[in-house]
Amino acid sequence: MSVNLVLLKSGEEIVADVKEIKSENEVVGYFFDHPFIVEYNPDEEPQILQESETTLKYNASVSIGFFPWIPFAEDRKKIPCSADWIVTIVKPQEQLIKHYQEKVNGRNESDQSPIID
């Protein structure tokens, strides 16, 4: 499984198992397996840990939630996305990968939103 965090031109952040769609050795798009929109909210106001003339360092935690991307698709595997709609693809933090895998593998829906510090 290659779990990635994808930023789309629409501003949506999608977490999914991402695979390339190629045409004659050129990437023309991607397949998203079990894509979810990542939603996050700060739990509280960030606390300033250190302040100097040039930088501020904060300590904060956020609650994250997952909402199905294209929720009414019949098949949640291999949802295609054109390469020109993607701004960037990055490897997410390990905690986000863990929570995503729990969601995909049938974690209880009534569980609280995960918190990332």
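User: Contact here means heavy atoms within 4.5 Å. On that basis, which residues does Trp69 touch, not counting residues up to four places away in sequence?
Analyst: The model is a predicted one, and in it Trp69 is a member of the largest nonpolar core, where it is among the residues that touch the most other members, together with Ile14, Val15, Phe32 and Phe66. Leaving out residues up to four places away in sequence, Trp69 touches Leu8, Glu12, Ile14, Phe32, Pro35, Phe36, Ile37, Arg76, Ile79 and Cys81.

User: Which element gives the most to this core?
Analyst: The core has 22 residues, and the elements that give two or more of them are β1, β2, β3, β6, β7 and α1. With five residues, the element that gives the most is β3.

User: How far from Arg76 is the nearest side chain of opposite charge?
Analyst: Arg76 sits in the loop between β6 and β7, and this residue is buried. A salt bridge would need a side-chain nitrogen within 4 Å of a carboxyl oxygen, and Arg76 has no such bridge. The nearest side chain of opposite charge belongs to Asp75, at a distance of 7.9 Å.

User: How many of the six residues of β1 are buried?
Analyst: β1 runs antiparallel to β2, to which five bridges join it, and Val3 has Asp17 as its bridge partner there. β1 also pairs with β8 in the antiparallel sense over four bridges, with Leu5 partnered by Val90. β1 is largely enclosed by the rest of the structure, because the number of its six residues that are buried is five.

User: Which residue takes a positive phi near 95° in the hairpin of β1 and β2?
Analyst: The hairpin has four residues between its two strands. In this hairpin, the residue with a positive phi near 95° is Gly11.

User: Is Trp85 buried, partly exposed or exposed?
Analyst: Trp85 lies in the loop between β7 and β8, and its contacts beyond four places in sequence are Leu7, Leu8, Lys9 and Ser10. Although Trp85 and Ser10 are 75 residues apart along the chain, their C-alpha atoms are separated by 8.0 Å. Buried means under 20% relative accessible area and exposed over 50%, so Trp85, at 44%, is partly exposed.

Note on methods. Residues are numbered from 1 along each chain as its sequence is written. This is a predicted model: local features need pLDDT of at least 70, side-chain atom pairs count only at pLDDT 80 or more; totals for chains, interfaces and linings use all residues. Side-chain values use heavy atoms; hydrogens and water are left out. A nonpolar core is a set of buried Ala, Val, Leu, Ile, Met, Phe, Trp, Tyr and Cys residues joined through side-chain atoms within 4.5 Å. Buried means under 20% relative accessible area, exposed over 50%, partly exposed in between (1.4 Å probe, protein chains only). Two strands pair if DSSP finds at least two bridges between them. Lys and Arg count as positive and Asp and Glu as negative; His and the chain ends are not counted.
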